Amino acid sequence: KAVVSTQSTGKLIFSKYDRERKNFLKRSQAIAGLREIHLGSASDHEITAILKLINLEENFKIDFRFFCSIAAFSERVLSRWMILPGGVMTEKETIEKADFTNLSWKLEGVQITQHMQQVLYAL
């Protein structure tokens, strides 16, 4: 579970890695910050896979707002990648699963890029 439930927490972590105070993070800083956001439960490999999923280039720079967006997106993706013991879903998880059930059918006739389809299926 990520700790970016408030912008102030995200701002503290963003500021910690924005050592040069340029109001953006480079790749290695963003990965470290996202790892901290997820309380160390996300590996560098998982975070890199998420960054690749959203199609960020190797030499990207992200501002605070985008950092928080990536943190929220990565929380959703990581929760889908986790295998929970017992397989019991909460009411919220059941509703979210229903939103993406039969995604192929819901996307029929919709023109979106292959990359966007990958993002939707990751959710």
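Predicted model: local features only at pLDDT ≥ 70, side-chain atom pairs only at ≥ 80, totals over all residues.
Let me begin with confidence. The chain has a mean pLDDT of 77, with 67% of its residues at 70 or more.

I turn now to the helix pair. Helix α2 spans residues 27-37 and helix α3 residues 44-53; their axes come within 10 Å and cross at roughly 115°. The crossing is right-handed. On the α2 side, the contact involves Arg-27, Ile-31, Leu-34 and Arg-35, and on the α3 side Asp-44, Ile-47, Thr-48 and Leu-51. By class, these residues are four nonpolar, one polar and three charged.

Next, the salt bridges, of which the model has four. One of them joins Asp-44 and Arg-35, with a distance of 2.2 Å from N to O. Asp-44 is partly exposed at 38% relative accessible area, and Arg-35 is likewise partly exposed, at 30%.

A further salt bridge links Arg-27 to Glu-58, with the closest N and O atoms 3.6 Å apart. Because Arg-27 belongs to helix α2 and Glu-58 to the loop between α3 and β2, this pair ties together parts 31 residues apart in sequence. Arg-27 counts as buried at 19% relative accessibility, whereas Glu-58 is exposed at 59%.

Finally, Lys-16 and Glu-36 form a salt bridge at 2.9 Å, N to O. Lys-16 lies in helix α1 and Glu-36 in helix α2, so the pair connects parts 20 residues apart in sequence. Lys-16 is partly exposed at 46%, and Glu-36 is partly exposed at 27%.

Notes
Residues numbered from 1 in each chain as written. Heavy atoms only, no water. Axes fitted to C-alpha atoms, helices over the stretch in contact; angles between N-to-C directions. Helix = DSSP H or I, 4+ residues; strand = E, 2+ residues; numbered from the N terminus. Left-handed = near helix turned anticlockwise from the far one by under 90°. Contact = heavy atoms within 4.5 Å. Nonpolar A, V, L, I, M, F, W, Y, C, P; charged D, E, K, R; others polar. pLDDT = per-residue confidence, 0-100. Salt bridge = Lys/Arg side-chain N within 4 Å of Asp/Glu carboxyl O. Buried < 20%, exposed > 50% of the residue type's maximum accessible area, 1.4 Å probe, protein only.
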